[in-house]
Amino acid sequence: MINKTDSALCQALLNKGSISKQLLDSIIKEAENSKQEIKSLLVYKSIASEEDILKILSEELNLEVVSLGKTSIDKMLIDKIPVKISSYYKFIPFKIENKTLTIAVSYPLSVKAQDEIRTYLGYEVKQVLACENEIIEALKSMYGLGAVTVHQILQKSPKDKSAVLDEVYEEKVEDIEKLSDEPSVIKLVNQIILDAFNKRATDIHIEPYRDKLRLRYRIDGVLYESKVPPQLKNFLKPIFSRIKIMSNLDIVERRLPQDGRAIVKVQNQTLDLRISTLPTPYGESLVIRILPMKLLMDLGGLGIASDDLKTIKKLISMPYGIIFVTGPTGSGKTTTLYAVLNELNTENRKIITIEDPIEYEIENITQIQVAPNIELTFARGLRSILRHDPDVIMVGEVRDMETAEIAMRSALTGHLVFSTLHTNNAASGVTRLIDIGVEPYLITSSLTALVAQRLVRLICQNCKKEDKNQSPEIIKLIASNLNISASEVKIFRGEGCKKCNSTGYYGRTAIYEILQIDEKIREMILAKASSDKIKKVALENGMLSLSQNGWRKVIQGLTTPEEVIKNTLEEQDSKSDE
């Protein structure tokens, strides 16, 4: 027997011709047999979208449709409306006026449910409609991630609570999306990982302090705090024990740092979780790095400008030589190298890498993990690689003279070698190699190019708008850097929307500085010229600096001036000193 709301919805769909009487009858029967909502079946079978259903219900029942993503909800409502009530009836407390509580629901509540809410809370109930996903996200935002699960665990009997805490010691391999209906610490950990994945986070930070537990996600290179219920601090040890079990770490050891790894499956994608713990006065601090097991990245997908892309493809097509990618930690050097290897990964090439750690698995490439505890260092591994008949070698990082010399001599003996250096720009890579003890003649003989890079956040295309109030100084700076008129400079920004979590940014792209080693640069290296002089000559020869590359992306509407300035700060400072 369908209720009044279902009946109104079904009749409206019939009147609009959206569904036949025969199909509707079969859906009603399926809903009764499976105890599913008619609305859910209509959406699942693509007969009507949720937006269409909300519009129909609004017209038929005279209910307002609201967008929770664009609405500011009074945080005082959290204290007045317990999470156990709002989560059970699946509503968001919207506002309270004159003893009337307005709630946002994805489907109108029955009269019985409204009476129960009225009795428990002491308010008259008025309903408005909102999308189900918006209600789920609003519940997390208002009460904190995992608040419902924490409440359910705390409601268990003491005996049940003990069972919940003990179960984390049972090792399981599972799909973390298949959350058990039973409230548990396992479910709590799964919720955190799943929420981070859905928000495109690359890292999860769980940090204990004297009177609170802090949960943060790194999204597009920036840390954002995720609200959690205060009671979550009481579950710190079992949460960490669960994560340690997943990553084969010692659950008893809490005084020393530990590093581990776990594999989980989310939405048909396998994720590699790198876990790191540090002891603090208030318990362990834990960070989880989220990496896809397989990275399907090509050079074209890195955001390289077409002329730079041609240059890079020309450089990597050479039969031998060494190319360094430079930049600070987190600037995307490894991703660029993997994209290069993917480009070169053909059946007639033998490619071997030595890394610390192996971040992504690449099919048909031999990858070696550095293991200092058994004296498998970059230098030792590289020597062995040379006896393995490679065509292309990738060394994760050059940290010392021994590794640098072996890598560069490998480039001289007919191998194409790639590696990374921690320097601020391309020209500084030369002075860095000399500083660690590499002879200038060896650099000039083997070095093909240095590629510096940074990652800048992309403007969210869903809420991008032209910024007509940008300061004249910024416009003048961009125009002078690109040698164009100020009238050609247009700047865009993201206003902030649901898709980008109200940040105005969605995703990242790279900006590059490609220094090719020609005869003039070789002479300067042999003369041990400073990096500033090398860079000046390279710019005169047509090299685009990091900031120039960034400004190009600004006027293309891809990023903002603040992102370019933040990521090329040293370059801006050096210009101001001139």
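Predicted model: local features only at pLDDT ≥ 70, side-chain atom pairs only at ≥ 80, totals over all residues.
Local features need pLDDT of at least 70 and side-chain atom pairs count only at pLDDT 80 or more, while totals for chains, interfaces and linings use all residues. Residues are numbered from 1 along each chain as its sequence is written, and side-chain values use heavy atoms, with hydrogens and water left out.

**Exercise 1.** State how many salt bridges the model holds, and describe the one between Asp 195 and Lys 140.

Step 1. A salt bridge is a side-chain nitrogen of Lys or Arg within 4 Å of a carboxyl oxygen of Asp or Glu. The count by this rule is 30.

Step 2. Asp 195 and Lys 140 form such a bridge, with 3.0 Å from N to O. The two residues are 55 apart in the chain, Asp 195 in helix α11 (residues 185-198) and Lys 140 in helix α8 (residues 132-143). Helices (H or I, at least four residues) and strands (E, at least two) are DSSP runs, numbered from the N terminus.

Step 3. Residues are called buried under 20% relative accessible area, exposed over 50%, and partly exposed in between (1.4 Å probe, protein chains only). Asp 195 is buried because its relative accessibility is 2%; Lys 140, at 23%, is partly exposed.

Step 4. A network of salt bridges links Glu 137, Lys 140, Asp 195 and Lys 199.

**Exercise 2.** Find where Lys 465 and Glu 495 lie, and decide whether each is buried, partly exposed or exposed.

Step 1. Lys 465 and Glu 495 form a salt bridge, their closest N and O atoms 3.8 Å apart. Lys 465 belongs to strand β16 (residues 464-466), whereas Glu 495 sits in the loop between β17 (492-494) and β18 (505-516); 30 residues separate the pair.

Step 2. Lys 465 has 44% relative accessibility, so Lys 465 is partly exposed. Glu 495 has 59%, and therefore counts as exposed.

**Exercise 3.** Compare the span of α11 with the expected value, and say how covered α11 is.

Step 1. The expected span of a helix is 1.5 Å times one less than its number of residues. With 14 residues, α11 reaches 20 Å from its first C-alpha to its last, close to the expected 20 Å.

Step 2. Of the 14 residues in α11, 13 are buried, so the helix is mostly covered.

Step 3. After α11 comes Arg 200, which has a positive phi near 65°.
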